[in-house]
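Subject: Structure handover

Hello,

Here is the structure I promised to pass on. Please open it first, then read the notes below.

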Amino acid sequence: MRSKVISWLLVFIMTSALTGCSTTAEKNGVEVNTVKPVKVLVSILPQADFVGSIGGEKVEVTVLIPPGANPEDYEMSPRQIQKISEADMYITVGNIPFEEINMERIKSANPDMSIISFNEKHDENTEAHKHDPHVWLSPRLVMEQAEIICKELSLIDSANETFYLKNKNAYISELERLDIEIKELLADRQRDHFLVYHPAWGYFAEDYGLVEIAVEKDGKEPTAGEMARIIEEAESRGIKEVLVSPQHSTRSAETIAKQMGGEIKVVDPLPGNYIEGMREAAYTFKEVLND
């Protein structure tokens with residue numbers, strides 16, 4: 001009898017070792033697998049919101065560039081390198097300086113990790129967006145990102161494919177409502193042009209029929225002559241504000257605004273809550289375009 005008990009215990013232990021902590025449960029009438037979460041790396045906060053909205057509790061998301069940090073010069077910590085070594089997937093923005101500088105280091109920390117770049121599909125398509133990584137500021141392109149995220153999560157964790165599909169469809173519906181809301185909000189405006197210090201809003205401008213005038217060009221500040229032409233154009237179009245991001249110094253933008261007799265307005269291109277952040281940004285644009 002004792003030998004039988006020991007045999008059954010051995011079978012149980014071996015089965016547990018093979019299956020890990022995998023169990024099944026129902027959520028909203030759909031059976032899902034509750035194995036350990038898929039570990040996903042992203043570069044910026046908005047991406048974490050996309051992945052979290054689709055993956056829910058089935059994913060563990062690590063943001064490599066923390067809130068408030070500048071994506072152009074942030075340096076990773078040893079703790080982040082450890083997170084990279086444990087990740088299943090890295091969803092990149094594509095061509096931001098942080099990724100260009102650190103990609104080889106990231107790959108060497110986890111050679112088996114899947115790396116998915118969305119922006120490569122868009123940044124070289126037109127001259128207007130050449131070298132512009134800010135695809136996430138277009139709700140319409142985020143819908144495409146949601147499709148890719150859902151597909152990649154389902155490839156790694158096929159047991160939860162139905163769960164990911166349901167969340168993806170719900171999130172895309174939210175994005176569609178956001179897109180309509182922004183379009184309606186900006187429909188009645190006095191001007192199309194806006195002045196921004198760091199050129200982050202090109203895709204957003206294209207979506208809603210706006211024109212971005214940027215102070216920086218390819219990460220460089222303008223010469224005195226270029227700056228004079230920018231200010232002259234802004235004044236001729238009745239622009240009174242310079243849009244700035246909280247991740248960059250505002251000193252130069254404040255000087256420009258003072259020369260124009262205007263002020264700076266902060267608009268965040270890296271919101272942690274994407275839907276709410278973009279809605280808030282749209283209201284700022286409405287104010288600027290009607291001032």
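Two residues are in contact when they have heavy atoms within 4.5 Å of each other. Helices (H or I, at least four residues) and strands (E, at least two) are DSSP runs, numbered from the N terminus.

Some ground rules. This is a predicted model, in which local features need pLDDT of at least 70 and side-chain atom pairs count only at pLDDT 80 or more, while totals for chains, interfaces and linings use all residues. Residues are numbered from 1 along each chain as its sequence is written, and side-chain values use heavy atoms, with hydrogens and water left out.

Start with helix α2, residues 45–55. Buried means under 20% relative accessible area, exposed over 50%, and partly exposed in between (1.4 Å probe, protein chains only). In α2, 8 of the 11 residues are buried, so the helix is largely enclosed by the rest of the structure. The buried ones are Pro46, Gln47, Ala48, Asp49, Phe50, Val51, Ile54 and Gly55. What do they pack against? Their partners are β3 (38–42), β4, β5 (89–92), α5, α6 and α10 (274–289). Just after α2, Gly56 has a positive phi of about 55°.

Now α5, residues 139–156. Its axis comes within 10 Å of that of α2, and the two cross at roughly 55°. Axes here are lines fitted to C-alpha atoms, for helices over the stretch in contact, and angles run from 0 to 180 degrees between N-to-C directions. Phe50, Val51, Ile54 and Gly55 in α2 meet Val142, Gln145, Ala146, Ile149, Cys150 and Leu153 in α5.

Leu153 turns up again in the largest nonpolar core. Such a core is a set of buried Ala, Val, Leu, Ile, Met, Phe, Trp, Tyr and Cys residues joined through side-chain atoms within 4.5 Å. Helix α6 (residues 161–187) gives the most to it, with 9 residues. Leu210 touches Phe194, Phe204 and Phe285, among others, not counting residues up to four places away in sequence. Apart from this core lies another, of 15 residues, including Leu195 and Val242.

Is Pro67 buried or exposed? At 63% relative accessibility, Pro67 counts as exposed. Pro67 and Leu270 are 203 residues apart in sequence, yet 8.1 Å apart in space, C-alpha to C-alpha.

Best wishes
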